[in-house]
Amino acid sequence: MYKYFIYIFIILIIVLFVVFCLWALKKKKEGICPFCIIRQHMLKSRLTIKVPENEFYDGGDAQTPPMGWSSWNTFRNNIDEKLILETADALVSTGLADAGYKFVNLDDCWHSSMRDENGRLQGDLVRFSSGIKWLADEIHSKGLKIGLYSSNGDYTCEDLPASSGNEKIDADTFARWGVEYFKYDFCHNIKIPSVAPLVEAMELKQGDNVTVYSSDKAKLEGMAKINKDKNLKTGQYISFLGHGKGKAVFDVDCESDGECDFTLCVKKSGRYEKYIVIQVNDNYYEMFIPFTKSWTIGGRYQTKVHVKQGKNVIKIFNPVCTRADSSYIQYKRMGEALKKASDGKITYSICEWGRNNPKNWAWNAGNLWRISGDILPNWRWINVIYNMNLRLAEFSGPGHWNDPDMLEVGNGNLTYEENKTHFSLWCMMSAPLILGNDIRKLPDEKKTLDIISNKDMIAINQDKLGMQCVRYKKTPTFDFLVKKLADGNIAVCIYNKKNSTKKIQINKEIFPAEMHEKQQKIKEIWSNTAISYGDIFTLKSHDCAVFITI
Ligand code: GLA
């Protein structure tokens with residue numbers, strides 16, 4: 001019996017091996033590297049594209065973490081212009097606007113399921129009947145700024161039209177309306193294909209002159225190779241340009257500077273979409289080659305490119321291997337469109353929930369990036385997000401921030417201490433402070449307004465140095481966080497993680513070494529008292545104390 005199992009097992013392995021070899025041969029014939037496909041599935045969230053070092057996104061207004069309000073956490077899909085304007089008024093009348101909360105962000109569901117006759121997004125025809133431009137003007141007249149939302153996919157998370165493939169026109173619409181903040185979600189996202197078309201030739205048309213560059217004119221890099229096919233006009237084509245593994249490079253002489261028509265001549269192949277980047281000197285042009293029926297052997301795909309007089313270098317390749325590569329390119333595409341349309345005035349918030357390791361690329365594509373799934377007014381989950389974000393301190397800084405999501409202060413059943421700690425942790429972590437509560441109703445008993453308008457905490461958050469705090473000590477009961485400030489002062493937060501009240505005696509040893517060197521006084525922010533060594537602090541469950549040298 002046992003023997004039979006072994007035989008069956010061996011036969012199964014042989015069958016699988018044969019199936020794999022047949023599949024790999026088929027892929028090779030199609031000009032696709034089979035091991036690259038396996039790699040693409042194994043690495044998924046790993047970026048294989050090289051992001052230019054230290055080239056931070058140079059648009060937006062985010063030298064300090066953005067501050068404002070968003071409709072999502074409390075109102076979800078129930079928003080209209082009345083609510084938005086009431087909230088804007090409340091931001092002003094409560095003093096929150098003066099405290100720094102300037103962005104009024106409309107999250108999902110601000111828009112209609114129908115684009116207008118020019119293909120532009122428009123506000124919900126009933127709930128935002130006065131139009132978004134009007135609303136933006138109203139918000140601006142109150143000294144505030146407006147933010148909008150879309151998704152890097154075919155639809156938003158609430159299944160309304162989104163911006164993938166419409167980046168230019170949507171960015172242009174937002175800029176025309178005077179939008180200053182843009183959040184770009186990840187729902188209904190479709191990965192850019194890693195497969196490249198088979199390239200027979202390229203053509204350039206300048207004026208009336210058409211020059212054809214057949215594949216034998218190309219210098220091949222990486223895995224790219226020439227294949228013969230006598231049915232093609234030129235008798236050959238280039239394969240293996242996909243998965244970031246191969247390039248075809250053409251040296252091209254042009255008579256003059258300017259735009260010209262670029263045609264990519266491909267050998268049709270495979271019932272799947274393909275993607276290719278045409279790099280002309282320092283400019284990149286993208287092409288999507290559709291799923292093909294192959295009634296005929298060749299296809300022509302066109303774009304406009306900019307060439308310069310004299311020598312140009314044109315590189316043809318598909319840099320996408322993993323899902324992270326695809327996300328990087330897609331988010332960057334929108335970032336560039338926003339920058340161009342608004343002259344760099346729109347702050348760009350990337351929201352792909354930390355799925356594709358944004359820490360490795362998002363600083364080059366936008367101003368802030370979510371590091372986790374959606375926040376909820378639930379302490380355990382807030383604590384998980386806090387722990388995730390703590391590990392990312394080195395990636396945050398002026399103009400480029402980790403985003404542990406919008407605030408839940410004042411929402412759900414969070415206790416006073418939890419609200420206070422949530423706010424303190426976000427301030428210490430230099431997180432964007434985007435309020436998620438109903439600003440029109442701020443019941444006194446919750447002291448929400450006191451928490452979110454605490455000037456010292458906001459100053460810590462908005463500190464020009466922009467250093468996210470680090471945890472310098474951890475015990476089963478307490479977390480100890482330190483954040484260095486631009487003026488040389490130091491902020492320390494002690495957070496009681498336990499579900500019960502704990503006491504802690506304040507002495508030199510509980511503070512980080514850099515604080516020992518200072519002889520300054522120390523103040524505890526929430527009680528607004530100067531402390532002396534020997535003082536005992538009683539911290540209720542999930543409470544915290546924040547100390548600052550003065
Ligand atoms: C996602 C985002 C949320 C919110 C909703 C809107 O879940 O992560 O922050 O924008 O979509 O549908």
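Residues are numbered from 1 along each chain as its sequence is written, and side-chain values use heavy atoms, with hydrogens and water left out. Because the model is predicted, local features need pLDDT of at least 70 and side-chain atom pairs count only at pLDDT 80 or more, whereas totals for chains, interfaces and linings use all residues.

**Overall build**

The protein chain is divided into domain 1 (2–30), domain 2 (67–190 + 325–461), domain 3 (198–319) and domain 4 (470–549), with bounds that come from an automatic or database domain assignment. Between the C-alpha centres of domain 1 and domain 2 there are 51 Å. Along the principal axes, the C-alpha atoms fill a box of roughly 85 × 75 × 50 Å. The chain has 14 helices and 27 strands, which are DSSP runs (H or I, at least four residues, for helices; E, at least two, for strands) numbered from the N terminus.

Of the 550 residues, 54% are buried, where buried means under 20% relative accessible area, exposed over 50% and partly exposed in between (1.4 Å probe, protein chains only). With contact taken as heavy atoms within 4.5 Å, 72% of the contacts between residues at least 6 apart in sequence join residues at least 24 apart.

**Nonpolar cores**

A nonpolar core is a set of buried Ala, Val, Leu, Ile, Met, Phe, Trp, Tyr and Cys residues joined through side-chain atoms within 4.5 Å. The largest one holds 98 residues, of which Tyr101, Trp110, Phe174, Phe423 and Trp426 touch the most other members. Helix α8 (residues 323–342) gives this core its largest share, seven residues. Apart from it lies another core, of 27 residues, among them Ala218, Ala224, Ile238 and Ile278. Leaving aside residues up to four places away in sequence, Trp426 has contacts that include Ile375, Tyr386, Pro404, Leu433 and Asn461.

**Two loop residues**

Thr477 lies in the loop between β20 (470–474) and β21 (478–484), while Lys464 lies in the loop between α13 (455–461) and β20.

| Residue | Relative accessibility | Class |
|---|---|---|
| Thr477 | 17% | buried |
| Lys464 | 65% | exposed |

Not counting residues up to four places away in sequence, Thr477 touches Tyr495, Asn496, Lys497, Lys498 and Lys502. Lys464 and Pro398 are 66 residues apart in sequence, and their C-alpha atoms are 7.5 Å apart in space.
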